[in-house]
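Biologist: I'd like to learn how to read a model like this one, feature by feature. Can you walk me through it?

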Amino acid sequence: GNGTQYLRMLLRALFDDLGFTRIVLDTNLENVRAQHVYEKLGFRRTGVRVDAWRDQRGRLQTVIDYALLPEDFVHAERSIQPQTLPRTLPLAVLQAEAVSHYPLVSPEVACLRHNENWTCHVRDAASGNQYLLRVHRPADHFSMAMFGVAQHAPAWIRAEMDLLEALAGDADMPIQRPVRNRAGETVTLLSDGTAATLLAWLEGETLEEIAARVPLTEDIFEAIGRMLATLHRRSRSAADTADHPRIAYDGALLDRIVGCLQAVASQGLLTGVQTEQAIAGAVAVKAHLARLAGMGRLPQRVHADLSKSNLLLVDGKIAPIDFGLCGTAYVEMDMGGLFSHFSAPSAQHAILRGYAETAENPVDMRAVDAYLAFGVLLYIGSHGATAGREAWFPGAMDRWCRDIFVPLADGTPLCSL
């Protein structure tokens, strides 16, 4: 169980971090469970000492001696089959195990949040370097059922890491660069199959934090637009591969979202009218995607989650962070996401001006409307079963139906630009 996992992490640290070349221990002859654990982890019996010590009652006890070499430990780790490991481990255990896979001398870890990932700030006290650790297990309130998985698939995460590495190095757009583990890989698979990643830390302030203090300026909105054009231009060459696919924000996903809506409604969390109007909105979004395909447009890599909290101001530049939900869609998806968070027409105009400075193609505003609705549908699909029980949800659902789903289905523009 958990004790075995803790021992594995300790042994890995002793060999990898502290440079031990041999580890020895002993256990009582009658402690069969401990012997099984030690031998499973690669320890070899080196001897038996009969009557080696006396217990509290004065009885002589026999001891088995064990020794472990680095090569035996590596072989044992590789031979452990996933099905013999626990299905899930506590997040604290996974966090500690994840950290042990990276060349950190004296890590100090503090949890930041738990949404689609368990996210932590890591500081290596020895070097002063800072990192962002993500254990890719979603919180209970975040459902990934609409994506057809329970948590992020390792292939998705590798595709995200590939994209970040492709984007890193642009002086005009700071990016969190992936940090490779001791095996030279960007994605670490933990004992229960959960994936973990480590990214370089970006020191800055989110636009959400800034907006809580002072109004965001026109210069910041134009900078957002320029950043988005750079992101789309740079990510266009990072195509999906068969080995590293990403989430496809397409008609098939909309169909699955409709299924999630119906499941939420079956729990009494949506009224019949709300369900009907939300599904009508999904149908309208799907029609817009078909229209773009008919125009010969091609989907590409997009961020797909550009909220105020996922935009950092770093040395006067806008940095997109948290690419955890990045996938393939038409570029208007990112613009629709931005417009859902920056609803003032003046802000939207400024974002479009910044985007137009270097963008290769004009923005289809009808598609922006569709993706604004798509973003709301994604939220309901991932959070509806839990958020639907909150007091604020019925009013929000009414507002989304009135201001987004019904107008979109009727062909009424959502963004007054």
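This is a predicted model: local features need pLDDT of at least 70, side-chain atom pairs count only at pLDDT 80 or more; totals for chains, interfaces and linings use all residues.

Biologist: What is phi of Asp-51 near?

Modeller: Phi of Asp-51 is near 50°, which is a positive value in a residue other than glycine. Ala-304 belongs to the loop between strand 12 (300-302) and strand 13 (311-314).

Biologist: And is Ala-304 buried or exposed?

Modeller: Ala-304 has a relative accessible area of 19%. Since buried means under 20%, Ala-304 counts as buried.

Biologist: Let's step back to the whole chain. How many helices and strands does the protein chain have?

Modeller: The count is 13 helices and 15 strands. The C-alpha trace spans about 90 × 50 × 45 Å along its principal axes. Of its 417 residues, 50% count as buried.

Biologist: What do contacts say about how the sequence is brought together?

Modeller: You look at how far apart in sequence the partners are. Here, take the contacts between residues at least 6 apart in sequence: 69% of them join residues at least 24 apart.

Biologist: Now the interior. How should I think about a nonpolar core?

Modeller: In soluble globular proteins, nonpolar side chains tend to be buried together. In this model the largest nonpolar core has 86 residues, and those touching the most other members are Phe-147, Ile-224, Tyr-249, Phe-342, Phe-374 and Phe-405. Helix 12 (residues 365-387) supplies the largest share of this core, 12 residues. Apart from that core lies another one, of 19 residues, including Ala-98, Tyr-102, Tyr-131 and Leu-198.

Biologist: Which residues is Phe-342 in contact with, leaving aside its neighbours within four places in sequence?

Modeller: The list runs Leu-207, Leu-216, Phe-221, Ile-224, Lys-308, Leu-311, Ala-347, Gln-348 and Ile-351. Note that Ile-224 is on that list, and Ile-224 is also one of the core residues that touch the most other members.

Biologist: How do I read a pair of packed helices?

Modeller: Take the axis distance and crossing angle, then the direction, then the residues that meet. For helix 10 (residues 332-341) and helix 11 (residues 345-358), the axes come within 10 Å and cross at roughly 150°. That makes helix 10 roughly antiparallel to helix 11, because angles over 145 degrees count that way. The crossing of these two helices is right-handed.

Biologist: Which residues of helix 10 and helix 11 meet?

Modeller: From helix 10 come Met-335, Leu-338 and Phe-339, and they meet Gln-348, Ile-351, Leu-352 and Tyr-355 of helix 11. By class, the residues in this contact of helix 10 with helix 11 are 6 nonpolar, 1 polar and no charged.

Biologist: At roughly what angle do the axes of helix 7 and helix 10 cross?

Modeller: Helix 7 (residues 218-235) and helix 10 have axes that come within 11 Å and cross at roughly 155°. They are therefore roughly antiparallel to each other. Helix 7 passes helix 10 in a right-handed crossing. Ile-224, Leu-228, Leu-231 and His-232 of helix 7 make the contact with Asp-334, Met-335 and Leu-338 of helix 10. The classes in this contact are 5 nonpolar, 1 polar and 1 charged. Met-335 and Leu-338 take part here, and both also meet residues of helix 11.

Note on methods:
Residues are numbered from 1 along each chain as its sequence is written. Side-chain values use heavy atoms; hydrogens and water are left out. Axes are lines fitted to C-alpha atoms, for helices over the stretch in contact, and angles run from 0 to 180 degrees between N-to-C directions. Helices (H or I, at least four residues) and strands (E, at least two) are DSSP runs, numbered from the N terminus. Angles under 35 degrees count as roughly parallel, over 145 as roughly antiparallel, 65 to 115 as roughly perpendicular and the rest as oblique. A crossing is left-handed if the near helix is turned anticlockwise from the far one by less than a right angle, and right-handed if clockwise. Contact means heavy atoms within 4.5 Å. Ala, Val, Leu, Ile, Met, Phe, Trp, Tyr, Cys and Pro count as nonpolar, Asp, Glu, Lys and Arg as charged, and the others, Gly among them, as polar. A nonpolar core is a set of buried Ala, Val, Leu, Ile, Met, Phe, Trp, Tyr and Cys residues joined through side-chain atoms within 4.5 Å. Buried means under 20% relative accessible area, exposed over 50%, partly exposed in between (1.4 Å probe, protein chains only).
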